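Here is my note on the model you sent. Please read the points in order, with the structure open beside you.

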Amino acid sequence: MVDDVIATVTEAAARAVAAGVRQDGILIDPTHDFGKNTRHSLELTRRLDELVATGWPVLVALSRKDFVGETLDLPPDERLAGTLAATAVSAWQGARVFRAHDVLATRQVLDMVASIQGTRPPAVAKRGLA
């Protein structure tokens, strides 16, 4: 399934370039939940680094998705923690663009992941940190 997603999105990206779309204007999206079941979406999240390895920038739209709800048995308005966990995993694996309903919480998760990765310094240093 992941190989099929990779082939589908990279072929579409190549067709877009061939049709005249600037390469730097293209994102690939594994489309969590669309035509997939919960196990598929979980596997896509686990293996997102394989999409990142294609060289195309990866967009993920995880906010309140059914796979989060089914995994945790929660309705849409209670899926924030699960969404943020999937967002953190996706960011760690190299996703670059995130569609989110809960923008502030998502931004904070992304900033924290970047700081753990070492690509963003702490916002303040109050405890003797340099």
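1. **A term to begin with.** A salt bridge here is a side-chain nitrogen of Lys or Arg within 4 Å of a carboxyl oxygen of Asp or Glu. Keep that cut-off in mind. By it, E43, R47 and E50 are linked in a network of salt bridges. Side chains of opposite charge can pair when their charged atoms come close. Please note as well that this is a predicted model.

2. **The overall layout.** How many helices and strands does the protein have? The secondary structure comes to six helices and two strands. Along the sequence, the order is α-α-α-β-α-α-β-α. The C-alpha atoms fill a box of roughly 55 × 35 × 20 Å along the principal axes. There are 130 residues in the protein, and 35% of them are buried.

3. **The salt bridges.** The whole structure holds seven salt bridges. Look at R47 and E50, where the closest N and O atoms are 2.7 Å apart. R47 has a relative accessible area of 26%, so R47 is partly exposed. E50 is also partly exposed, at 29%.

4. **An exposed pair.** Now find R22 and D24. Their side chains meet in a salt bridge, with 2.8 Å from N to O. Are these two residues buried or exposed? R22 counts as exposed because its relative accessibility is 60%. D24 has a relative accessible area of 62%, so D24 is exposed too.

5. **A pair to check against the cut-off.** D111 and R120 form another salt bridge, at 3.8 Å from N to O. The pair counts because the limit is 4 Å. R120 is partly exposed, with 28% relative accessibility.

6. **The largest pocket.** Its volume is about 160 Å³. Which elements give two or more residues to its lining? They are α2 (38-46), α4 (66-72) and α5. Helix α4 gives the most, with four residues. Among the lining residues are L42, R46, F67, V68, L72 and A86. By class, the lining has six nonpolar, three polar and one charged residues.

7. **The cavity.** The count comes to one cavity of 30 Å³ or more. The largest cavity has a volume of about 40 Å³. Helix α5 and strand β2 (97-99) each give two or more residues to the lining of this cavity. The lining includes V60, L62, T83, T87, F98 and R99. Four lining residues are nonpolar, four are polar and one is charged.

8. **A nonpolar patch on the surface.** Which residues form it? They are W92, M112 and I116, with about 360 Å² of accessible area together. W92 belongs to helix α5, which covers residues 80-92. The relative accessible area of W92 is 49%, so W92 is partly exposed. The cut-off for exposed is over 50%, which means that W92 does not reach the exposed class.

9. Most residues other than glycine have a negative phi, and most peptide bonds are trans. Check T31, then, with a phi near 50°. Check D33 as well, with a phi near 80°. T31 lies in the loop between α1 (2-18) and α2. D33 has its place in the loop between α1 and α2. What about burial? T31 is partly exposed, at 29% relative accessible area. D33 is buried, because its value of 18% falls under the 20% limit.

10. **After the helix α6.** T119 is found in the segment after α6 (103-117). T119 has a relative accessible area of 64%, so T119 is exposed. How far apart are the C-alpha atoms of T119 and L44? They are separated by 24 Å, and the two residues are 75 residues apart along the chain.

Key: Residues are numbered from 1 along each chain as its sequence is written. This is a predicted model: local features need pLDDT of at least 70, side-chain atom pairs count only at pLDDT 80 or more; totals for chains, interfaces and linings use all residues. Side-chain values use heavy atoms; hydrogens and water are left out. Patches are made of residues with over 30% relative accessible area and no salt bridge: like charges are joined within 9 Å, nonpolar side chains (Val, Leu, Ile, Met, Phe, Trp, Tyr) within 5 Å. Accessible areas come from the Shrake-Rupley method with a 1.4 Å probe; for residues, only the protein chains shown count as cover. Buried means under 20% relative accessible area, exposed over 50%, partly exposed in between (1.4 Å probe, protein chains only). On a 1 Å grid over the protein atoms alone, a cavity is a set of points where a 1.4 Å probe fits but cannot get out, and a pocket is an open set with protein on both sides within 12 Å along at least five of seven lines; lining residues have an atom within 4 Å of a point. Grid points are joined across faces, edges and corners, and a volume is the space filled by probe spheres set on the points. Ala, Val, Leu, Ile, Met, Phe, Trp, Tyr, Cys and Pro count as nonpolar, Asp, Glu, Lys and Arg as charged, and the others, Gly among them, as polar.
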